[in-house]
Amino acid sequence: MLYQRSSQLFADAEKVIPGGVNSPVRAFKGVGGTPIFVKSAKGAYLYDEDGNKLIDYINSWGPMILGHAHQPVVDAITERAQLGTSFGMPTELETKIAELAISMVPNIDKIRFVNSGTEACMSAIRLARGFTKRDKIIKFSGCYHGHSDSFLIAAGSGLSTFGVPNSPGVTQGTAKDTLLANYNDLESVSALFEANKNEIAAIIVEPVAGNMGCVPPLNGFLEGLRQLCSDNNALLIFDEVMTGFRLAKGGVQELYNIKADIVCFGKVIGGGLPVGAFAARNEIMNYLAPIGPVYQAGTLSGNPLAMAAGLSMLQSLNNDAEIFQRLEDKTAYLEAGIRRVLTNNNVVFTVNRVGSMISVHFDAEPVIDFQTAKNGDNESFKKFFHGLLNEGVYIAPSAYETWFITDALSYEDLDFTINAIKKVTKDF
Ligand SMILES: *Cc1c(COP(=O)(O)O)cnc(C)c1O
């Protein structure tokens, strides 16, 4: 395939945008080469600036669960745009999407809309800290909760129990309030509760991790977190920015029947427009301004175009009784195909999957946390990525990303993809 125009557009972009991109992972740093510039997309396919057609397994990193330019969503946005695009005043639309989201997700009474997943998670921990009157939070290595300061923290070295900044610009003062634990390791969590008695406001967790590849919670892990939080009067925050409205109507709370105290949303909930949200039971949500003391605000929060897109997306999901089963079936079919061809080609691999989230790791050992995710062979991944791209299959340009399966994918697309994987991994 040719990428002349994309290469030129990237060169132009680099002159005026840092690294040529508005979000780092788009820059192909993990795999080499230059990013593809998209011209348009429809259903399961991307069309780039050079005229290439690609089967898309990123789908805007999750939101396009029903495929690109899903007609009801496009119609909702265009109709709404005629009525004015922002007011900074309440609209009925906001109540409608709030009511629908609350009816779909268990265990939440109220929801607040923001503009991104980052904002949702950032606001959720502020709310948790305000509610519990404690400062510290626990997060897991390899889980991503957006780019706000409290989350850009790495595990401290040696015996230090608190985190250290993993980006310049994040202060030590902020870092000391974020404690790092290992995913799927309850002992690492209970040790932090032991060492920080009555200081921990909340645990924030991706209940099915998706930002180190797809890493499912082991049996008992989420139940254990729930118990530890209840025992220590801390709140359990499920960051369902990726999993919400994807793994089930009610997200992971429904899938594994576990109650979180605060739930964060993003991605699917905006139908492809910039939306995030966080939700909880009344007792917690009433702690927010203007009725409570915890401040949180946004000029464009609840923006009518974004709410129209999100409402249309949630309606499409809510009205389709088979959607999550279809996604499960398609992704299971893809998984079986990948396992078959990689085994036949004698490739060393691990495949992880929950519902329509799936990832391929070039390592034989189970991938259960950040450390095991890092063991994968990156050189193989690079070859895999560029090989698939050449065949017209677009997966995320990083070994640490989940593939997002969309309902727009046909079984022919899946067969095409499995065949491409067979071809690409022939002499791995
Ligand atoms: C994408 C993501 C975020 C951040 O959302 P943005 O909209 O990119 O700010 C937070 N948490 C999880 C689990 C995510 O996957």
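Entry 1: I began with N211, where a polar side-chain atom lies 3.2 Å from an oxygen atom of the ligand. The model is predicted, and I read each distance as a computed value. Next I looked at K267 and found a polar side-chain atom 2.6 Å from an oxygen atom of the ligand. For T118, I noted an N or O atom of the side chain at 2.6 Å from a ligand oxygen. I then checked the cover: of the 380 Å² of accessible area that the ligand has on its own, the protein covers 83%.

**Entry 2: the shell.** Which residues are around the ligand? I listed S116, G117, T118, Y144, H145, G146, E206, N211, D239, V241, M242 and K267. Sorting this shell by class, I got 6 polar, 3 charged and 3 nonpolar residues.

**Entry 3: a sheet.** I moved on to an open sheet of 3 strands, which pair in the antiparallel sense in the order β13-β14-β16. Which strands are at the edges? I found β13 (350–354) and β16 (403–404) there, each pairing on one side only. I looked up the pairing of β13 with β14 (residues 357–361) and found 5 bridges, antiparallel. As a reminder to myself, strands of a sheet pair through backbone hydrogen bonds.

**Entry 4: a helix on the sheet.** Last, I looked at helix α11, residues 323–344, and saw that this helix lies across β13, β14 and β16. I noted its direction relative to β13 as about 175 degrees.

Methods:
Residues numbered from 1 in each chain as written. Predicted model: local features only at pLDDT ≥ 70, side-chain atom pairs only at ≥ 80, totals over all residues. Heavy atoms only, no water. Near = heavy atom within 4 Å. Polar contact = N/O pair within 3.5 Å; in protein donor to acceptor, adjacent residues only side chain to side chain. Areas by Shrake-Rupley, 256 points an atom, 1.4 Å probe, with all protein chains shown as cover. Nonpolar A, V, L, I, M, F, W, Y, C, P; charged D, E, K, R; others polar. Pairing = 2+ DSSP bridges. Helix = DSSP H or I, 4+ residues; strand = E, 2+ residues; numbered from the N terminus. Contact = heavy atoms within 4.5 Å. Axes fitted to C-alpha atoms, helices over the stretch in contact; angles between N-to-C directions.
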